[in-house]
Amino acid sequence: MNTSHSDGQQHPISLYLKIWGLLFVLSALSYMVDYMQLEGMLRWSLIVIFMLLKAGLIICIFMHMMWERMALICAILIPPLCLLVFTALMVAESEYTLFTRFTFFS
Amino acid sequence: MTGLIADFSADREAFSVPWGKAMMWIFLLSDTFVFGCFLIGYMAVRIAAVEPWPPTSEVFALTIAGHSIPLVLIAIMTFILITSSGTMAMAVNYGYQKKRKKAALLMLLTAVLGLTFVGMQAFEWTKLIEDGVRPWENPWGAAQFGAVFFMVTGFHGLHVSIGVIYLTIVALKVLRGHYERKGYEIIEITGLYWHFVDLVWVFIFAFFYLW
């Protein structure tokens with residue numbers, strides 16, 4: 001994790017091909033979620049799990065984040081967590097909007 | 001962890017990577033916030049919409065040989081983008097091996113796949129506009145659908161188009177041997193941008209099309 005790469009990131013092509021295959025399978029699975037018309041919690045949890053797995057594989061392997069130094073990993077991956085706070089704020093806000101629409105406009 | 005503390009307290013460059021790569025990462029971080037805000041805005045209007053949200057599974061269905069297959073075009077676009085990410089990762093590898101012809105050809109292949117993606121997106125937009133989708137109205141339900149669709153997929157499509165141009169320019173320079181002495185970090189940097197475009201599509205696919 002803390003090895004420096006002065007001559008760039010070099011990894012075997014077979015690794016990329018394996019990840020490529022894995023991403024294909026995960027995409028097919030998330031498409032199947034829609035195709036099989038799963039509903040409710042099962043649908044949403046499967047969509048999010050497949051999405052996070054795909055995102056993780058792309059960031060770790062294709063973007064080589066797995067082999068970068070801890071300083072770069074933290075500088076890039078921690079700030080986007082703010083978006084989770086923003087999401088929570090906007091959920092509260094939009095539910096209030098919906099509430100007022102139902103109360104005063106219907 | 002000790003490495004992290006040493007890097008930040010050493011009173012010198014914190015990230016021991018080429019400056020172009022650090023700047024690309026910082027640009028991608030800012031782009032993360034742009035797309036993050038778009039998707040959060042989409043979530044907010046969808047929660048607050050009084051009318052039902054249009055059923056994306058049916059809206060984006062295509063009729064092939066008499067059967068209506070849900071989301072089929074979007075699924076093909078997803079596979080094309082993932083494939084382009086794979087060819088890009090291989091181009092980075094060949095670049096570092098100094099096999100510049102192979103690297104440039106794989107980058108051009110990546111650009112062609114990206115162009116295919118944009119072409120299919122243009123087809124999808126045309127189809128939806130013919131169906132009567134506008135940023136302010138659509139035949140199926142909540143009026144906000146059109147605005148979100150055009151904004152989010154449009155901005156992503158713009159990123160893919162810029163990526164195609166960027167890839168082509170760098171690939172041609174690689175082919176000419178422009179980086180023989182400088183080193184081939186540039187392919188990895190271009191690759192970071194391209195993988196990021198793929199990454200954003202993963203989130204759009206999950207939240208906009210499947211949700």
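B:C37 sits in helix α2 of chain B; here helices (H or I, at least four residues) and strands (E, at least two) are DSSP runs, numbered from the N terminus. Is B:C37 buried, exposed or partly exposed? B:C37 counts as partly exposed because 13 other C-beta atoms lie within 10 Å. The cut-offs go like this: a residue is buried if 20 or more other C-beta atoms lie within 10 Å of its own, exposed if 12 or fewer, and partly exposed in between, with C-beta atoms placed from the backbone. Now look for B:G163, which is 126 residues away from B:C37 along the chain, with 21 Å between the two C-alpha atoms.

A quick word on what you're looking at: this is a predicted model, in which local features need pLDDT of at least 70 and side-chain atom pairs count only at pLDDT 80 or more, while totals for chains, interfaces and linings use all residues. Residues are numbered from 1 along each chain as its sequence is written, while chains are lettered from A and ligands numbered from 1 in the order in which they are written. For chain B the pLDDT (the predictor's confidence in each residue, from 0 to 100) averages 93, and 100% of the residues score at least 70. For the complex, the predictor gives an ipTM of 0.90 and a pTM of 0.92.

Let's zoom out to chain B. You'll find seven helices and two strands there, and from the N terminus on they run α-α-α-β-β-α-α-α-α. The C-alpha trace of chain B spans about 60 × 45 × 25 Å along its principal axes. Of the 211 residues in chain B, 38% are buried. Two residues are in contact if their C-beta atoms, placed from the backbone, lie within 7 Å. Among the contacts in chain B with a separation of 6 or more, 71% come from residues 24 or more positions apart.

Next, helix packing. Two packed helices are described by the angle between their axes and the distance between the axes. The axes are lines fitted to C-alpha atoms, for helices over the stretch in contact, and angles run from 0 to 180 degrees between N-to-C directions. Take helix α6 (residues 144–175) and helix α7 (residues 185–210) of chain B: their axes come within 10 Å and cross at roughly 160°. So α6(B) is roughly antiparallel to α7(B). As for the wording, angles under 35 degrees count as roughly parallel, over 145 as roughly antiparallel, 65 to 115 as roughly perpendicular and the rest as oblique. Which residues make the contact? Among them are B:H156, B:G163 and B:Y166 of α6(B), along with B:W194, B:W201 and B:F208 of α7(B). By class, this contact has 15 nonpolar, five polar and no charged residues. Ala, Val, Leu, Ile, Met, Phe, Trp, Tyr, Cys and Pro count as nonpolar, Asp, Glu, Lys and Arg as charged, and the others, Gly among them, as polar.

Now bring in the neighbour, chain A.

The residues in contact include A:M51, A:K54 and A:F62 of α2(A) and B:H195, B:D198 and B:L210 of α7(B). This contact divides into eleven nonpolar, one polar and two charged residues.

Compare that with helix α3 (residues 70–77) of chain A and α1(B), whose axes come within 8 Å and cross at roughly 85°. These two helices are therefore roughly perpendicular to each other. Here A:M70, A:A71 and A:C74 of α3(A) meet B:G3, B:L4, B:D7 and B:F8 of α1(B).

Finally, two loop residues. A:H64 lies in the loop between α2 and α3 of chain A, and has a positive phi of about 60° although it is not a glycine. A:H64 is buried, with 21 other C-beta atoms within 10 Å. In chain B, B:L71 is in the loop between β2 (67–69) and α4. Phi of B:L71 is near 60°, a positive value in a residue other than glycine. B:L71 is buried, with 22 other C-beta atoms within 10 Å.
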